[in-house]
Amino acid sequence: MLARIVSLTSRPVPFFRSFRTTDTSNCTTREMGFEDLHSDVKKCVHLRLCNVSGCMTEILEIHADHPSFHVVFVPGNPGIITFYKEFVESLFELLGGTASVSAVGSAGQTEKNWDHGNLYSLQEQIDHKIEFIRVQNIEVPLVLVGHSIGSYISLEMLRRLPKKAEYCIGLYPFLALNLQSKKQSTIVKIAMSRVLSTTLSFLVASLGLLPRQVLRLIFKLSFGKSWSNTALEAACSHLAQYHTMRNMLFMAMTEFRKLSETPDWEFMTENQDKITFLYGIDDHWGPLQMFEEISKQASGIALSIEREGHTHSFCCTEAGSVWVAHHVASLIKNKLANSCRELEPMACWLLS
């Protein structure tokens, strides 16, 4: 997605803005209804704004009545969580209501500039997710799911929460620099230059001055007609803002610095029974060369390749969101099947 936004620089039906909004201490909750497609489980998606370590954070979640485990989802850069609405609701539904699902937006990437221009590094994003789990006081076991750089963040969460986190799933993971990617090379040059990143941020923010329907048309023509209304709305409400672009590029700069290091193969090998990755075809963020390297360095990690053509930005289409949700739900169910004796009886019921 970052590469597409860079190339862009040469609102459809509102994102359920009509739902009820309530204010509580440090939190704002919005209820979003959706139709059940595969089960009798019916819940509302909640988009809430919550204070995590002094940082206002967008949380997209659905709570189960009696969860056996809790799925914590970490998005890729730019970390705008509303892109993942269809994925979150599909995953909850496919898990049969036995797990709560919380998708945690990146620090600094709220619709309004609540943090007044503060910039957050990759390490600060990791700390932010750990703090979210701490303040939520989640008592059931965790399943960590990350997309792109969120996969790296999820691995670091697994490292710091070894007793709490049962499983870690990386979707189209960005775990190391791809020196063969011209797109990454271009983004590196922009992100590493304060002048270029500031200029690009101003250019993109200038789009936000356009009428909403014009902005929507620009995004639709730039990114393709396959994008869902939800993705187009998320782009219109969040991307065309200065603080969003600056945070996106600043985090990218720290990503490139950290991921230039050799991956921690020892940690992955030690936890290979807890880790699985989904790779895509022709994905410069998670190239198949990395797929092959993981299979050599940590052969016990479960690896799979998505061949349906949903691309790295799966969350931008409804079909991609639903397909990936099916994949993640299947992985979780298989994991539970292999360790059912160690889990609560209700988790075993999920498999029946």
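## Ground rules

Contact here means heavy atoms within 4.5 Å. This is a predicted model, where local features need pLDDT of at least 70 and side-chain atom pairs count only at pLDDT 80 or more, while totals for chains, interfaces and linings use all residues. Residues are numbered from 1 along each chain as its sequence is written, and side-chain values use heavy atoms, leaving out hydrogens and water.

## Helix 6 against helix 9

Let's start with a helix pair. Helices (H or I, at least four residues) and strands (E, at least two) are DSSP runs, numbered from the N terminus. On the helix 6 side, Ser197, Thr198, Leu200, Ser201, Phe202, Val204 and Ala205 do the touching, and they meet Tyr242, Met245, Arg246 and Leu249 of helix 9. Sorted by class, that contact has seven nonpolar, three polar and one charged residue. For the classes, Ala, Val, Leu, Ile, Met, Phe, Trp, Tyr, Cys and Pro count as nonpolar, Asp, Glu, Lys and Arg as charged, and the others, Gly among them, as polar.

As for geometry, helix 6 (residues 194–207) packs on helix 9 (residues 242–258) at about 145 degrees, and their axes are 8 Å apart. Axes are lines fitted to C-alpha atoms, for helices over the stretch in contact, with angles from 0 to 180 degrees between N-to-C directions.

Strand 6 (residues 99–104) is mostly covered, with six of its six residues buried; buried means under 20% relative accessible area, exposed over 50%, and partly exposed in between (1.4 Å probe, protein chains only). In a regular strand the side chains alternate between the two faces of the sheet. Here one side carries Ala99, Val101 and Ala103, the other Ser100, Ser102 and Val104, and both faces are covered.

Strand 6 has pairings to look at too (two strands pair if DSSP finds at least two bridges between them). Strand 4 (residues 55–62) runs antiparallel to strand 6, joined by four bridges, and Leu60 has Ala103 as its bridge partner. Strand 5 (residues 69–74) runs parallel to strand 6 with five bridges, and there Val71 stands opposite Val101.

## Helix 2 against helix 12

Helix 2 (residues 85–94) and helix 12 (residues 318–338) pack at about 35 degrees, with axes 8 Å apart. From helix 2, Glu86, Phe87, Ser90, Leu91 and Leu94 meet a set in helix 12 that includes Val322, Ala325 and Lys333. The contact of helix 2 with helix 12 has eight nonpolar, three polar and three charged residues.

Ser90 sits in helix 2 and is buried at a relative accessible area of 10%. Not counting residues up to four places away in sequence, Ser90 touches Val322 and Ala325. Lys333, over in helix 12, is partly exposed at 29%. Lys333 and Leu95 are 238 residues apart in sequence, yet 8.1 Å apart in space, C-alpha to C-alpha.

Most residues other than glycine have a negative phi, and most peptide bonds are trans. Against that background, the Asn77 to Pro78 peptide bond is cis, with omega near 25 degrees. Pro78 is in the loop between strand 5 and helix 2.

Two non-glycine residues have a positive phi: His116, at about 55 degrees, and Tyr172, at about 45 degrees. His116 is in the loop between strand 6 and helix 3 (122–136), while Tyr172 is in the loop between strand 8 (165–171) and helix 5 (182–192). Is each one buried or exposed? His116 is exposed at 70% relative accessibility, whereas Tyr172 is buried at 1%.
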